[in-house]
Amino acid sequence: MKAAKKYQFWFCTGSQDLYGDECLAHVAEHSQIIVNALNQCGILPYEVVWKPTLITNELIRKTFNEANSDENCAGVITWMHTFSPAKSWILGLQEYRKPLLHLHTQFNREIPYDTIDMDFMNENQSAHGDREYGHIVTRMNIERKVIMGFWEDEAVQKRIADWMTTAVGIMESSHIRVCRIADNMRNVAVTEGDKVEAQIKFGWEVDAYPVNEIAEYVKDVSQGDIDALVEEYYSRYQILTEGRDPEEFRRHVAVQAGIEIGFERFLEEKNYQAIVTHFGDLGSLKQLPGLAIQRLMEKGYGFGGEGDWKTAAMVRLMKLMTAGKKDAKGTSFMEDYTYNLVPGKEGVLEAHMLEVCPSIADGPISIKCQPLSMGDREDPARLVFTSKEGHGIATSLIDLGTRFRLIINDVDCKKVEKPMPKLPVATNFWVPQPNLQVGAEAWIYAGGAHHTAFSYDLTAEQMCDWAAAMGIEAVVIDKDTNIRNFRNELRWNSMYYR
Ligand code: MN
């Protein structure tokens, strides 16, 4: 699986030549100190690159165009140390096409009460200059992130880090290619969508192949390769034969090993990073890909069940955004299945027929082999586990006919009270914020799907910023949601996003 690039972010400080060379020398020195501190803080996932102070139309325009064409540059961080007349920024901003962060900070933390004079004021006037600059970005209706605070503060650095992750999601979205080996499940509405519009909005390429074309790759996998992977499975996972003949069980597992290897070769060769399947359209595949898809998701591939290419692309996007994140807890395709409605213990049991990514697992992972209650194939082998506790987000991208909406719900993942020994699938259990009742009502009013792209490692704010950059509506269901305001928000949004 191809990892995301080693991205960098440019740090551009704004000023003007009105203040004299000595002042400009200080501006450059200060911004270099800030860049060095950001690079050394250990919080930012990507490098910050210092650029010479921007003081003229020509230099601003040239710098933004260089940022556009530099493949490693995933965004520009701007900060006005002094006052920089914002008309100088118009042409550069007009031509700039990548993520933009306006870091509203100041070199000094405290007002030097005893020594402050007009020279100091003129040299340190971000409060003044950043407003002039912010005005023109707003007037030009350019999507950007504004982060205010002192550059040495961990909370500010953490927010810059989160924005960098979003920026990489924005940059990488247009490299996502989804392989469809099955169409959308017959009669199902919410997993449908406009693939042309998705390419226009998000840059996603969504292509179809006959399922037997990928099944040929599975057939061509050598027995030696299959045996080696089955060995790896048996050394890594608990084997729960549950009374099945061990040899027969192993043969079922081997089918999934062949699918994992064959699918990965096909996707690598044809440059796809996400895939959809459908239990009703398996061609010559002997089993619904279960364990195989779970392992591919763990390697970073996006996945959607029953032909759901929108969720497959979202899972890939969210895996890209969280790739390499320190202490990541995982990202997966997920489905709302069944509720617990006992007062005080409310929540949603999340699962899928088979395909839940083991990156979200907590504790041991087992292989089970059980009949699938749908379809007409062999009993598929699958990984079974429960998931981590803690905060996560569930997202659903829906097509409203004329436009897309991203629905994001803050959820709190918990352990279920008791083991579920007869349930042969991986699960998660979460309580939607602000609570199950309001969370589920808001989700349904918004038109959210049963399939979600779920992550422990991203925030609603990050996904909202991504959606804004894509020019689509995002609605958040969180601790502050109440139904009356939420329904009004949907109504107002329907006027704005028409
Ligand atoms: Mn499903």
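**View 1. The model holds one cavity of 30 Å³ or more.** A cavity is a set of points, on a 1 Å grid over the protein atoms alone, where a 1.4 Å probe fits but cannot get out. The model is predicted: local features need pLDDT of at least 70, side-chain atom pairs count only at pLDDT 80 or more, and totals for chains, interfaces and linings use all residues. Residues are numbered from 1 along each chain as its sequence is written, and side-chain values use heavy atoms, with hydrogens and water left out.

**View 2. Residues line the largest cavity, among them Asp308, Lys310 and His451.** Lining residues have an atom within 4 Å of a point. Two or more of them come from each of helix H12 (309-322) and strand S15 (390-399); helices (H or I, at least four residues) and strands (E, at least two) are DSSP runs, numbered from the N terminus.

**View 3. Five parallel strands form an open sheet in the order S2-S1-S3-S4-S5.** Two strands pair if DSSP finds at least two bridges between them. Strand S2 (47-50) and strand S5 (145-148) are the edge strands, each pairing on one side only. Three bridges join strand S3 (residues 73-80) to strand S4 (residues 100-104), and Val76 stands opposite Leu100 in S4.

**View 4. Helix H5 (residues 126-139) lies across S3 and S4.** Helix H5 runs at about 155° to S4; axes are lines fitted to C-alpha atoms, for helices over the stretch in contact (heavy atoms within 4.5 Å), and angles run from 0 to 180 degrees between N-to-C directions. Helix H6 (residues 154-173) also packs on the sheet, and its direction makes about 170° with that of S5.

Notes:
1 Å grid on protein atoms, 1.4 Å probe; cavity = no way out; pocket = protein on both sides within 12 Å on 5 of 7 lines; lining within 4 Å. Points joined across faces, edges and corners; volume = space filled by probe spheres on them.
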